[in-house]
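Subject: Structure handover

Hello,

Here is the structure we talked about. Please open it alongside this email and follow the notes below.

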Amino acid sequence: PSRLVALGDLHGDVVALRNVLVMAGVMDDQDRWSGEDTVVVQVGDQLDRGDSEREILHLLESLAEEAEAAGGAVYVLHGNHETMNVQLDLRYVTEGGFEDFADVPYDPLDPLYAQHPVAEAGRVAAFRPGGPYATLLSAHNTIMVVGDTLFVHGGVLPEHTSYGIDRINEEVRSWMRGDSPEPLSVASSSSPVWSRHYSDSPDLSDCLLLFEVLETLGLSRMVVAHTVQSQGISAACEQKVWRVDVGLASYYGGLSSALEIVGDVVTVLQE
């Protein structure tokens, strides 16, 4: 793309999402796409910790349609909080987050719901594998290459490239649709959505893993999220990895910042 913009974790704060999209010049104050042929990648964790998750999901879907019509794109990736919700690990859902999905219909005779309080039933119905919002998420990738940049929430390791990026994406999609069991690629601490090899003070051994992945795939850099960077968007490993989780959401303090890539030039956008 002629211009590429990456956004970090949103965690249920639609105001933060609107602010950063307007700041990056890809959306106007009426929630309409204004980015022309810009490509936006949201690097996971739309869900949990905030009350406006449903609005976030629908706004991103709407923008993706408008961007495509304008010659651009909006790509939304899975973070560990998306996979946790499909696993029905709801420990980080707010009270408002349960209320927001309370109108999703469910069968009270299904034994699955006996494992959860009644107030959680709509959320369970929404995000269980095959549920309407799990199905919506299933259209997204876990790992994605755009131009010469690799995007992933946690981190891509050599074991993931050996296993196959497309294979990981398809296994996660199939699980979210309810068509297959939960894949190992979302469960372990080294999975693409959980790994902190590159986002949490990487050492030389971590950087060597990164260099191997980029060389194998023939790419220039990786963009990750997952670990809040208290000083703002930062680079590591000879600027081969960029960490874009700046705590956009009010839960973390709401720093509005995004990463812009134009050709070989990488720029931090910040209010």
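First, a definition for the helix packing. Axes are lines fitted to C-alpha atoms, for helices over the stretch in contact, and angles run from 0 to 180 degrees between N-to-C directions. Please keep in mind that this is a predicted model.

The helix pair

Start with α1, residues 14-23, and α2, residues 53-70. These two helices pack with their axes 9 Å apart, at an angle of about 30°. Angles under 35 degrees count as roughly parallel. That makes α1 roughly parallel to α2. The crossing of α1 past α2 is right-handed.

Which residues meet here? From α1 come Val14, Leu17, Arg18 and Leu21. From α2 come Glu55, Ile56, Leu59, Leu60 and Leu63. By type, the residues of this contact are seven nonpolar and two charged, with no polar ones.

An open sheet of five strands runs in the order β3-β2-β1-β9-β10. Its pairing is mixed. From one strand to the next, the twist averages 20°.

Look inside this sheet at β1 (residues 4-7) and β2 (residues 39-42). They run parallel and are joined by four bridges. Leu4 has Val39 of β2 opposite.

Helix α1 packs on this sheet as well. It touches β1, β9 (257-262) and β10. The direction of α1 makes about 35° with that of β9.

The other sheet

Five strands also form an open sheet in the order β4-β5-β6-β8-β7. The pairing here is mixed. Its edge strands are β4 (143-146) and β7 (234-236), and each pairs on one side only. Ignoring direction, neighbouring strands are turned by 25° against each other on average.

Within this sheet, β5 (residues 149-152) pairs with β6 (residues 221-224) in the parallel sense. Three bridges hold that pairing.

Helix α9, residues 204-217, lies across β5, β6 and β8 (241-243). It runs at about 120° to β6.

Last, go to Thr94. Where is Thr94 found? It is in the loop between α3 (80-86) and α4 (95-100). What does the side chain of Thr94 reach at 3.3 Å? It reaches the backbone oxygen of Gly50. Leaving aside neighbours within four places in sequence, Thr94 is in contact with Arg49, Gly50 and Asp51.

Best wishes

Note on methods. Residues are numbered from 1 along each chain as its sequence is written. This is a predicted model: local features need pLDDT of at least 70, side-chain atom pairs count only at pLDDT 80 or more; totals for chains, interfaces and linings use all residues. Side-chain values use heavy atoms; hydrogens and water are left out. Angles under 35 degrees count as roughly parallel, over 145 as roughly antiparallel, 65 to 115 as roughly perpendicular and the rest as oblique. A crossing is left-handed if the near helix is turned anticlockwise from the far one by less than a right angle, and right-handed if clockwise. Contact means heavy atoms within 4.5 Å. Ala, Val, Leu, Ile, Met, Phe, Trp, Tyr, Cys and Pro count as nonpolar, Asp, Glu, Lys and Arg as charged, and the others, Gly among them, as polar. A polar contact is a pair of N or O atoms within 3.5 Å; within protein, one must be able to donate a hydrogen and the other to accept it, and residues adjacent in sequence count only if both atoms are side-chain atoms. Two strands pair if DSSP finds at least two bridges between them.
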